Amino acid sequence: MASIKNVLLQSPATFLIAKRFRGKINIQKPRKPHFQRQLLIDLSKPVYGPPKYKLPDVVLCDKIKSDQKTEIKNPFERILAKECLDWFNTSKMIVFLHMNSISMEDKTPIFATLKKNNMHLRTYGKKIVSMATTGTRYEAVNCLFSSHQNIIFGQPENADKMFKILKKAPQLVVMAGIIQDRLMSKNELVEYSKLPSLEVARSQLCGVLHSAASCLVGQINQSQQTLVSHLEKHLEIQNEGVKK
């Protein structure tokens with residue numbers, strides 16, 4: 001019998017027994033918890049509405065609930081709409097992009113490069129843009145939005161740089177743009193980006209005007225110069241006749 005007990009696994013005897021300090025828990029009159037604990041208990045306490053048998057039939061009708069869709073006013077959406085409208089008002093070049101599937105690893109360098117060249121890539125939803133542009137001169141751009149879309153805000157002189165940067169990310173497709181309060185298609189934006197800068201155009205215009213003025217002065221002086229050359233030739237012939 002002793003050999004059988006040695007073979008079987010024996011449970012170790014406990015040397016320490018846990019016991020609550022000061023005896024039993026006072027359930028009838030418990031001690032008030034700490035202020036922070038009581039605050040956490042009050043915040044996490046569930047809030048139950050009135051029971052269904054106390055509600056009127058109008059509230060319990062599911063058909064009326066499905067027909068009446070109440071729009072929740074979100075103050076954060078108004079803040080985003082105001083920010084979007086400020087970008088529209090302060091930017092002379094606004095380009096709307098269609099974004100295909102792209103990872104953040106590919107999008108982040110494009111975002112950084114645009115920002116270095118004084119262009120800002122922003123993402124807004126259809127509701128935010130509608131709230132920002134409704135009743136303004138930019139209301140026509142709402143037809144370009146179906147969901148969240150990317151917009152580039154910048155200045156017109158950076159249009160050529162923008163197309164060079166977007167070549168590295170074919171997932172970002174240019175749809176249309178606004179330059180100097182004029183809505184342009186993609187082809188018009190490409191043609192505009194190939195135009196020279198304003199300083200170069202002014203210098204070319206000054207060169208054309210100067211060449212026209214110099215040409216006019218040359219044509220006016222041509223008859224006088226011809227007359228003077230003929231008189232000089234006639235004087236030389238007369239002097240030769242006198243010498244002979």
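The legends below describe close-up views of a predicted model.

Local features are reported at pLDDT of at least 70 and side-chain atom pairs only at pLDDT 80 or more, whereas totals for chains, interfaces and linings use all residues. Residues are numbered from 1 along each chain as its sequence is written, and side-chain values use heavy atoms, with hydrogens and water left out.

View 1. The strands are arranged in the order 2-3-1-4-5 with antiparallel pairing, where a strand is a DSSP run of E of at least two residues, numbered from the N terminus, and two strands pair if DSSP finds at least two bridges between them. Strand 2 (120-124) and strand 5 (182-185) are the edge strands, each pairing on one side only. From one strand to the next, the twist averages 25°, with axes taken as lines fitted to C-alpha atoms, for helices over the stretch in contact, and angles running from 0 to 180 degrees between N-to-C directions.

**View 2. Strands 1 and 4, with the helices that pack on the sheet.** Strand 1 (residues 93-99) and strand 4 (residues 172-179) run antiparallel and are joined by seven bridges; Ile94 has Ile178 in strand 4 as its bridge partner. Helix 6 (residues 104-116) packs on the sheet, touching strand 1, strand 2, strand 3 (149-154) and strand 4, and its direction makes about 125° with that of strand 2. Helix 8 (residues 159-166) also packs on the sheet, where it touches strand 1, strand 3 and strand 4, its direction making about 15° with that of strand 1. Helices here are DSSP runs of H or I of at least four residues, and contact means heavy atoms within 4.5 Å.

**View 3. The salt bridge between Lys127 and Glu77.** The side chains of these residues meet at 3.2 Å, N to O, a salt bridge being a side-chain nitrogen of Lys or Arg within 4 Å of a carboxyl oxygen of Asp or Glu. The pair links distant parts of the chain, with Lys127 in helix 7 (residues 126-133) and Glu77 in helix 5 (residues 75-90), 50 residues apart. Lys127 is partly exposed, at a relative accessible area of 36%, whereas Glu77 is buried, at 19% (buried is under 20%, exposed over 50% and partly exposed in between, with a 1.4 Å probe and protein chains only).

**View 4. The salt bridge between Arg137 and Asp181.** The side chains of Arg137 and Asp181 meet at 3.2 Å, N to O. Arg137 lies in the loop between helix 7 and strand 3 and Asp181 in the loop between strand 4 and strand 5, so the pair ties together parts 44 residues apart in sequence. Both Arg137 and Asp181 are exposed.
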